[in-house]
Amino acid sequence: MTFWNPFKLFFFYQQICPDLFGELFTPEYIEDMIKESNAYYGATNIDVTNVAFVHGSIDPWHAMGRLTDVNEHSPAFIIEGKSLGYFLFENHQFNVQFFG
């Protein structure tokens, strides 16, 4: 038996929003807000220029990001073996050792 159960995790996240932000944040409300956000911003059919989508291949969340070019002026980059922290921190010796 595994300690990780996707159904338990789903129900945990369904309950954490109302616990933290109030009873307004029901699963239905959150789903409606996601739909509104996707309609407003274009979801996966965004219309942008001069935007670079940069992901490290070992970012745990890179799969949720844009991994393909939107157009010739908005490319997507996946940098093998790197994570978000590599791009955020100054180039100190610790970071070079830690992030490779």
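**View 1. Polar contacts of the Ser74 side chain.** The Ser74 side chain comes within 3.3 Å of the backbone nitrogen of Asn50. A polar atom of that Ser74 side chain is also 3.4 Å from the backbone nitrogen of Val51. A polar contact is a pair of N or O atoms within 3.5 Å, where within protein one must be able to donate a hydrogen and the other to accept it, and residues adjacent in sequence count only if both atoms are side-chain atoms. The model is predicted: local features need pLDDT of at least 70 and side-chain atom pairs count only at pLDDT 80 or more, whereas totals for chains, interfaces and linings use all residues. Residues are numbered from 1 along each chain as its sequence is written, and side-chain values use heavy atoms, with hydrogens and water left out.

View 2. Ser74 sits in the loop between β1 and β2; strands (E, at least two residues), like helices (H or I, at least four), are DSSP runs numbered from the N terminus. Ser74 counts as buried because its relative accessible area is 0% (buried is under 20%, exposed over 50%, partly exposed in between; 1.4 Å probe, protein chains only). Leaving aside residues up to four places away in sequence, Ser74 touches Val48, Thr49, Asn50, Val51, Phe53 and Asp69, a contact being heavy atoms within 4.5 Å.

**View 3. Pro60 in the loop between β1 and β2.** Pro60 belongs to the loop that runs between β1 (53–56) and β2 (76–79). Its relative accessibility is 66%, so Pro60 is classed as exposed.

View 4. Rings of Phe, Tyr and Trp (its six-membered ring) pair if their centres lie within 6.5 Å; planes under 30 degrees apart count as stacked, over 60 as edge-to-face and the rest as tilted. This rule gives three aromatic pairs. Phe21 and Phe25 make a tilted pair, with 5.7 Å from centre to centre and 55 degrees between the planes. Phe25 and Tyr29 are paired edge-to-face, at 5.3 Å centre to centre and 85 degrees between the planes. Phe21, Phe25 and Tyr29 together form one aromatic cluster. Phe21 is exposed because its relative accessibility is 56%. Phe25, at 26%, counts as partly exposed, and Tyr29, at 24%, also counts as partly exposed.
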